[in-house]
Amino acid sequence: MDKKVSRLLNEQINKELYSAYLYLDMANFYSAKGLDGFANWYEIQAKEEQDHAMLMYRYLHNNSQTVTLEAVAKPDKEFQGLADPLKAAYEHEQYVTGLIGAIYAAAQEVHDYRTVQFLDWFVKEQGEEEKNACDLITKMELFGGDAKGLYMLNSELGARVYSAPSLVL
Ligand code: FEO
């Protein structure tokens with residue numbers, strides 16, 4: 001595998017694990033506020049990010065690449081209002097979409113079509129991640145302003161269940 005593509009995938013493992021840590025921090029914030037449904041949503045989100053990291057980890061191993069695990073940074077976002085994590089999550093997903101795009105472009109440049117094919121799943125996944133994050137902001141703006149609406153939204157997010165990624169390596 002091309003060195004740059006391998007390095008970028010390696011770095012992305014760390015970024016996905018950071019994403020998991022960031023979402024766990026959001027779950028932590030909501031849990032402390034008594035919003036267990038929002039906390040559930042972000043705990044599941046954190047699990048999904050761990051899955052993303054593991055898919056890249058396995059893909060590199062399956063392609064005889066060395067995986068280097070670096071330190072995971074401390075979650076660095078400050079939350080005040082109840083909508084703050086929602087907005088930070090959306091911004092974060094847009095950032096991750098850019099990262100995936102950069103690996104995709106690097107793989108294309110060296111005609112590494114196997115990696116391109118592998119990353120197709122992530123490109124689609126990012127579309128879903130951004131949509132979910134954006135929808136949550138809209139719902140919060142529409143319904144989160146009064147106690148009853150917030151209660152309903154919390155119940156809705158509490159019903160989310162984890163499902164393993166559709167991509168299996
Ligand atoms: Fe791993 Fe939320 O993208």
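1. In which helix does S31 lie? In this predicted model, S31 belongs to helix α1. With a relative accessibility of 45%, S31 counts as partly exposed, because that class lies between the limits of 20% for buried and 50% for exposed. Y18 stands 13 residues away from S31 along the chain, and 20 Å separates the C-alpha atoms of the two.

2. Helix α1 covers residues 3–32, and helix α2 covers residues 36–62. The axes of these two helices come within 8 Å and cross at roughly 165°. Angles over 145 degrees count as roughly antiparallel, and α1 and α2 are therefore roughly antiparallel to each other.

3. The crossing in which α1 passes α2 is left-handed. As for the residues of this contact between α1 and α2, 18 are nonpolar, eight are polar and three are charged.

4. A further point concerns open space in the model. Rolling a probe the size of a water molecule over the atoms shows where empty space is left. The largest pocket holds about 220 Å³ of space. It is lined by 14 residues, of which E48, E125, E128, R160 and S163 are the closest to its centre.

5. Which helix gives the largest share of the lining of the largest pocket? That share comes from α4, with five residues. Helix α4 spans 113–143, and both α2 and α4 supply at least two residues of the lining.

Conventions. Residues numbered from 1 in each chain as written. Predicted model: local features only at pLDDT ≥ 70, side-chain atom pairs only at ≥ 80, totals over all residues. Heavy atoms only, no water. Axes fitted to C-alpha atoms, helices over the stretch in contact; angles between N-to-C directions. Helix = DSSP H or I, 4+ residues; strand = E, 2+ residues; numbered from the N terminus. Parallel < 35°, antiparallel > 145°, perpendicular 65-115°, else oblique. Left-handed = near helix turned anticlockwise from the far one by under 90°. Nonpolar A, V, L, I, M, F, W, Y, C, P; charged D, E, K, R; others polar. 1 Å grid on protein atoms, 1.4 Å probe; cavity = no way out; pocket = protein on both sides within 12 Å on 5 of 7 lines; lining within 4 Å. Points joined across faces, edges and corners; volume = space filled by probe spheres on them. Buried < 20%, exposed > 50% of the residue type's maximum accessible area, 1.4 Å probe, protein only.
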